[in-house]
Amino acid sequence: MAAVSLLAAPAAGAEGDPSVLQASNGYHLSGDWDGDGVDTPGVFRPGSPNTYYLRNSNSSGVADITVSFGGGGSVFPIVGDWDGDGDDTIGLVAFGSPNRYFLRNSNTSGVADITVTYGSYGYPLIGDWDGDGDDTIGLVAFGSPNTYYLRNSNTSGAANITLNYGGEGFPIAGDWDADGDDTVGLVRFDANGVVDNRWFLRNTNSSGIADVTFDYGRGGLEVIGDWDNTGDDNPGLVYPGQPNWWDLRNSNTTGPADTSFTYGS
Ligand SMILES: [Ca+2]
Ligand SMILES: [Ca+2]
Ligand SMILES: [Ca+2]
Ligand SMILES: [Ca+2]
């Protein structure tokens with residue numbers, strides 16, 4: 001099942017500066033923490049140690065799982081089903097030349113199960129690019145167009161897939177068409193907050209134009225997930241606050257949020 005971790009969004013051209021990847025109130029995650037098929041929210045707080053607060057339902061409440069993992073330095077949280085066993089678990093990227101990825105296969109405190117070097121800086125993107133069940137690493141280099149570098153194993157090496165897609169906006173990935181593979185996308189926010197967000201989804205990991213385009217929400221920070229366990233990944237928005245407000249939509253179409261709740265702060 002798809003598990004994608006995007007998150008607070010940098011401005012185009014902000015790659016290489018992890019500080020701009022952090023939302024003002026922390027990082028917002030989504031994933032299937034308990035492997036039941038439903039993606040649900042999480043919040044990451046950097047520190048020594050870093051702490052992940054994971055919730056197993058799309059409803060207001062407290063964390064079901066609190067995990068410490070790593071600490072210190074400039075790191076960016078990622079989540080995914082690294083071992084293909086059905087649950088999404090925690091990870092970190094430490095940016096550099098090369099980037100270092102630290103992946104853990106359970107949502108428990110401990111050391112990394114997998115350590116990988118991959119690429120240099122860029123914008124981390126996670127997905128099951130080849131539809132074989134495991135989520136693997138990727139990076140986006142911002143430009144006109146953006147270039148996506150996707151790898152099909154959580155090992156060091158060159159990209160298995162390189163493609164150009166979109167320009168201004170924030171890269172996303174998900175299984176938009178519920179066929180088993182996660183593919184690329186982009187969401188564009190209106191800096192002035194007067195126009196709805198526009199989502200551009202592509203159903204193959206190849207260069208080209210969007211297969212699906214729709215408007216959803218206004219402003220916020222993007223999260224992606226299969227909120228209702230129907231097999232496809234759909235958009236969500238987090239509005240940081242005390243507490244954060246989450247608006248989730250169950251289809252890749254224009255319309256209001258299907259599920260709304262507060263979680264984290
Ligand atoms: Ca779940
Ligand atoms: Ca897993
Ligand atoms: Ca895979
Ligand atoms: Ca797909």
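This is a predicted model: local features need pLDDT of at least 70, side-chain atom pairs count only at pLDDT 80 or more; totals for chains, interfaces and linings use all residues.

Biologist: Is aspartate 81 buried or exposed?
Modeller: Aspartate 81 has 1% relative accessibility, so it counts as buried, the limit being under 20%. Aspartate 83, at 36%, counts as partly exposed.

Biologist: Why do aspartate 128 and aspartate 134 count as buried?
Modeller: Aspartate 128 counts as buried because its relative accessibility is 4%. Aspartate 134 also counts as buried, because its value is 18% and the limit is under 20%.

Biologist: Changing topic: which residues of the largest nonpolar core touch the most other members?
Modeller: That core has 26 residues, and those with the most contacts to other members are Leu29, Phe44, Tyr52, Leu54, Ile78 and Tyr101. Strands β1 (27–31), β3 (51–54), β4 (65–68), β5 (75–80), β6 (89–94) and β7 (100–103) each give two or more residues to this core. There is also a second, separate core of 14 residues, which includes Trp129, Tyr165, Ala173 and Leu186.

Biologist: What does tyrosine 101 touch, not counting residues up to four places away in sequence?
Modeller: Its contacts include Ile78, Leu92, Val93, Ile114 and Tyr118. Ile137, Gly138 and Leu139 are also among the residues that tyrosine 101 touches.

Biologist: How many aromatic pairs are there?
Modeller: The count comes to 14 aromatic pairs. Ring pairs link Tyr27, Phe44, Tyr52, Phe69, Phe76, Phe95, Tyr123 and Phe142 into a cluster.

Biologist: You mentioned Gly138. Which residue stands opposite glycine 138 in β11?
Modeller: Leucine 150 is opposite glycine 138. Strands β10 (residues 138–141) and β11 (residues 147–150) run antiparallel and are joined by four bridges, with a hairpin of five residues connecting β10 to β11.

Biologist: How does β11 pair with strand β12?
Modeller: β11 and β12 (residues 161–164) pair in the antiparallel sense, over four bridges. In that pairing, tyrosine 149 stands opposite threonine 162.

Biologist: One last item: where is arginine 249 found?
Modeller: Arginine 249 is in the loop between β19 (245–248) and β20 (259–262). At 9% relative accessibility, arginine 249 counts as buried.

Biologist: Which polar contacts does its side chain make, starting with serine 251?
Modeller: The side chains of arginine 249 and serine 251 are joined by a polar contact of 3.5 Å. The arginine 249 side chain also reaches the backbone oxygen of threonine 254, at 3.2 Å. Leaving aside neighbours within four places in sequence, the residues in contact with arginine 249 include Tyr216, Trp227, Asn234, Pro235 and Asp258.

Key:
Residues are numbered from 1 along each chain as its sequence is written. Chains are lettered from A and ligands numbered from 1 in the order in which they are written. Side-chain values use heavy atoms; hydrogens and water are left out. Buried means under 20% relative accessible area, exposed over 50%, partly exposed in between (1.4 Å probe, protein chains only). A nonpolar core is a set of buried Ala, Val, Leu, Ile, Met, Phe, Trp, Tyr and Cys residues joined through side-chain atoms within 4.5 Å. Contact means heavy atoms within 4.5 Å. Rings of Phe, Tyr and Trp (its six-membered ring) pair if their centres lie within 6.5 Å; planes under 30 degrees apart count as stacked, over 60 as edge-to-face and the rest as tilted. A polar contact is a pair of N or O atoms within 3.5 Å; within protein, one must be able to donate a hydrogen and the other to accept it, and residues adjacent in sequence count only if both atoms are side-chain atoms. Two strands pair if DSSP finds at least two bridges between them.
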